[in-house]
Structure formats: structure tokens, C-alpha cells
Amino acid sequence: MTIPEPARVGFGAGADAYARGRPSYPADAVAYVLSKVSGTVLDLAAGTGIFTSLLTPHREVIAVEPVESMRAKITDAARVLDGTAESIPLDDSSVDAVTVAQAFHWFRFDEALAEIARVLRPAGSLVMLWNRRDESVPWVNRMSEVINWRSHQISQYDRIDWAAVIAESGRYGEVEHRSFSWEHVIDRGLLAERVRSVSYVAAMDHAEREALVTEVLSLAADFPETFPMPYNTLVWCTTRS
Ligand SMILES: C[S@@+](CC[C@H](N)C(=O)[O-])C[C@H]1O[C@@H](n2cnc3c(N)ncnc32)[C@H](O)[C@@H]1O
């Protein structure tokens, strides 16, 4: 089972920064996802379990994550398994829903959609979501420029037509899309960890990474002790045909 090298290196090295620096997901987006998933839910590419832990109070959750240092931080799922989206260690038609938070862009789309369809029961749900920094706010846009965000292929997930990708697989029905705006209140320490948690930044050597952190922190030099990082949570839902 293989995953892209930048994911293996970046998430492997950055699991602690990831767990500290990444935001959770807003209550209205979580409520919307819960309205779409029932029964046993597979949280695929669960990382350190940030999204998993929003599901576990409400559903039986199986977490699958390939990077050991990320997986080790998942504490509350019914089962935690090593696996990838292209090779899921579950039987055919064994789950009622699959969620993929902040991760589908890492997958080989067609292989993953076929494998998800295999483990989903007929009419089971697939939900994909991403927290996207709101770059319409100037300092957030400048942060993206400083960390060279848009020059990395992995940052293109908000420019991909996910409805078309899902339709091309021929295994799913209609796609519903919703967006939720919200703010993560952070301080400079969390902003630094947010930068260090970006996969390709986590994979840099220490000096290069900390130079980027310093430059991003300079954008917040005049901010109060705590300040909002604006996000949009983008959600796509469909069901297995
Ligand atoms: C940005 S993290 C998201 C983690 C978590 N879902 C969350 O919401 O915080 C992306 C995760 O995708 C995982 N990943 C990358 N490629 C994958 C693949 N092909 N199959 C399964 N997981 C993969 C990485 O190991 C990483 O934990």
C-alpha cells in the first residue's frame, strides 16, 4: 500500500504540529454531514482523528489511516486500521457511509472511488470535505503567497470539479455541494503550528521551515493576542448507485 511521497514524509514528520495546528470543523458543517451519514461510518484518511472525533459521539466509526504517527493519535474510533483509499482493509458492502476530510486530493481518484464503492453498501453515502483558508481576506492571501501555497499541486483541491470527478467514476448518484463560512480563533503559537502542519512545509529542513514561520508571523505582528483565521468548509455528498 503506497501513498504519495510528500504525504508520507510530510504527515509522518508533522503529526504533532498537525494535531496542534489544524482547525476542527464547524458545527453546522458537522450537523450537515451527520444528516447524510447513518450506521457504521468509515472515516478514510483519518489523520490524527480531528474529524473522526466529531463523528464518534454520534456514530460507530472505523478510522483508516496509512501514516503510523498520525494513526497513533486516534483514540476514540471503534476500530483504527492501517490502509489506503486505494486498498481499504474492509469487506465488500461492510459500511453504511464513508467520510473523507481534507484528504481526497491525495488519492488516485478513480481507484479510490472504485474502492470506496466496493466497501459501501448500496445507497451508502460518500462525503468529502475540506477546510479552506479564506484567501479573500488580504493577510490570509499573503500567507498563501509566503508559503507558496498555490504552486503546489495539492493546493488545487478547491479548483477541482468534484461533481465531475465523481460522475466520471460511474458508480455514484447525484452530488450535493454546500459551503460553510466560519472563523478559527487562534494566537501566534497556533498560527506557527498551522504553517508547520502543511505537508510540504513539515517535510522541509528546520531552518527553511522556521524562516517561513517567521515570515507568516510577521503578517500578524499588529494583531491582538487572539485573532480569527477565516475558513470556508466545502462539502460534497453523494450516494453509491
Ligand atoms: C490533511 S490530512 C487530513 C486528516 C484528517 N482527515 C483531518 O480531517 O484532519 C490528510 C491525510 O490523508 C492521508 N493520506 C494521504 N494519501 C492517502 C491515501 N492514498 N489513502 C489514505 N490516506 C491518505 C495522510 O496520511 C493524512 O493523514
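Let's start inside the fold: leucine 126 sits in strand S5. Helices and strands here are DSSP runs, with at least four residues of H or I for a helix and at least two of E for a strand, numbered from the N terminus. Before we go on, please remember that this is a predicted model, where local features need pLDDT of at least 70 and side-chain atom pairs count only at pLDDT 80 or more, while totals for chains, interfaces and linings use all residues. Residues are numbered from 1 along each chain as its sequence is written, and side-chain values use heavy atoms, leaving out hydrogens and water.

So, is leucine 126 buried or exposed? Leucine 126 counts as buried, because its relative accessibility is 0%. Buried means under 20% relative accessible area, exposed means over 50%, and partly exposed is in between, using a 1.4 Å probe and protein chains only. Not counting residues up to four places away in sequence, leucine 126 touches Val98, Val100, Leu113, Ile116, Leu120, Tyr172, Trp236, Cys237 and Thr238. Contact means heavy atoms within 4.5 Å.

Now the core. In soluble globular proteins, nonpolar side chains tend to be buried together. In this model the largest nonpolar core has 80 residues, and Leu42, Leu44, Val98, Phe104 and Phe107 have the most contacts inside it. Such a core is a set of buried Ala, Val, Leu, Ile, Met, Phe, Trp, Tyr and Cys residues joined through side-chain atoms within 4.5 Å. Strand S7, residues 227-239, gives the most to this core, with 7 residues. Phe104, leaving aside neighbours within four places in sequence, is in contact with Phe109, Ala112, Leu113, Ile116, Met128, Trp130 and Trp162.

Back to strand S7 for a moment, where we find proline 230. Proline 230 counts as buried because its relative accessibility is 9%. Beyond its neighbours within four places in sequence, the contacts of proline 230 include Arg132, Asp134 and Trp182.

Next, helix H6, residues 109-119. Its buried residues are Ala112, Leu113, Glu115, Ile116, Ala117 and Val119. What do they pack against? The buried residues of H6 pack against strands S1 (40-44), S4 (95-101) and S5 (120-133), and against helix H8 (162-169).

Let's look at helix pairs. Two packed helices are described by the angle between their axes and the distance between the axes. H6 and H8 pack at about 65°, with axes 9 Å apart. Axes are lines fitted to C-alpha atoms, for helices over the stretch in contact, and angles run from 0 to 180 degrees between N-to-C directions. On the H6 side the contact is made by Phe109, Asp110 and Leu113, and on the H8 side by Trp162, Val165, Ile166 and Ser169.

Our last pair is helix H7 (residues 138-146) with H11, whose axes come within 10 Å and cross at roughly 165°. That makes H7 roughly antiparallel to H11; the cut-offs are under 35 degrees for roughly parallel, over 145 for roughly antiparallel, 65 to 115 for roughly perpendicular, and oblique for the rest. Here Trp139, Arg142, Met143 and Val146 of H7 meet Leu212, Glu215, Val216 and Leu219 of H11.
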